[in-house]
Amino acid sequence: AIPLLPRALALADAGYTTGGGAANGRYLADIVHFADTVAGDLREVLLDPQTSGGLCIVVSPDKVGELQTALQAQNAGTVAVIGE
């Protein structure tokens with residue numbers, strides 16, 4: 001459900017990754033866990049800090065709908081639930 005830039009996966013798969021993404025992976029290793037089905041290229045893209053304003057917010061499951069409504073009311077751009 002995560003919106004991606006065109007060709008982001010193909011570029012990551014070809015080895016075009018960032019040091020910042022690798023640093024994020026090391027920093028978050030104890031608290032961010034990917035399912036075995038998440039491919040390496042997608043992991044690289046998800047950890048890459050070059051999102052130009054992207055934001056990941058953690059909220060309790062019972063508050064998801066309320067947060068989505070509030071963000072959409074503020075024209076926050078793309079709003080997507082991406083994990084748990």
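Biologist: What is the volume of the largest pocket?

Modeller: In this predicted model, the largest pocket comes out at about 2100 Å³. Its lining has 48 residues, and the ones closest to the centre are Ile-2, Leu-46, Leu-55, Cys-56 and Ile-82.

Biologist: Which helix gives the most to that lining?

Modeller: That's helix 3, with five residues. Helix 1 (8–13), helix 2 (19–28), helix 3 (40–47) and helix 4 (64–73) each put in at least two.

Biologist: How do the lining residues divide into nonpolar, polar and charged?

Modeller: You get 34 nonpolar, 11 polar and three charged. Leu and Ile count as nonpolar, and so does Cys.

Biologist: Okay, Leu-46 then. Why is Leu-46 called partly exposed?

Modeller: Leu-46, by the way, sits in helix 3. Its relative accessibility is 31%. Buried means under 20% and exposed means over 50%, so Leu-46 lands in between and counts as partly exposed.

Biologist: Why is Leu-28 called partly exposed?

Modeller: Leu-28 belongs to helix 2, and its relative accessible area is 24%.

Biologist: How far is the C-alpha atom of Leu-28 from that of Lys-63?

Modeller: They're separated by 24 Å, with the two residues 35 apart along the chain.

Notes. Residues numbered from 1 in each chain as written. Predicted model: local features only at pLDDT ≥ 70, side-chain atom pairs only at ≥ 80, totals over all residues. Heavy atoms only, no water. 1 Å grid on protein atoms, 1.4 Å probe; cavity = no way out; pocket = protein on both sides within 12 Å on 5 of 7 lines; lining within 4 Å. Points joined across faces, edges and corners; volume = space filled by probe spheres on them. Helix = DSSP H or I, 4+ residues; strand = E, 2+ residues; numbered from the N terminus. Buried < 20%, exposed > 50% of the residue type's maximum accessible area, 1.4 Å probe, protein only.
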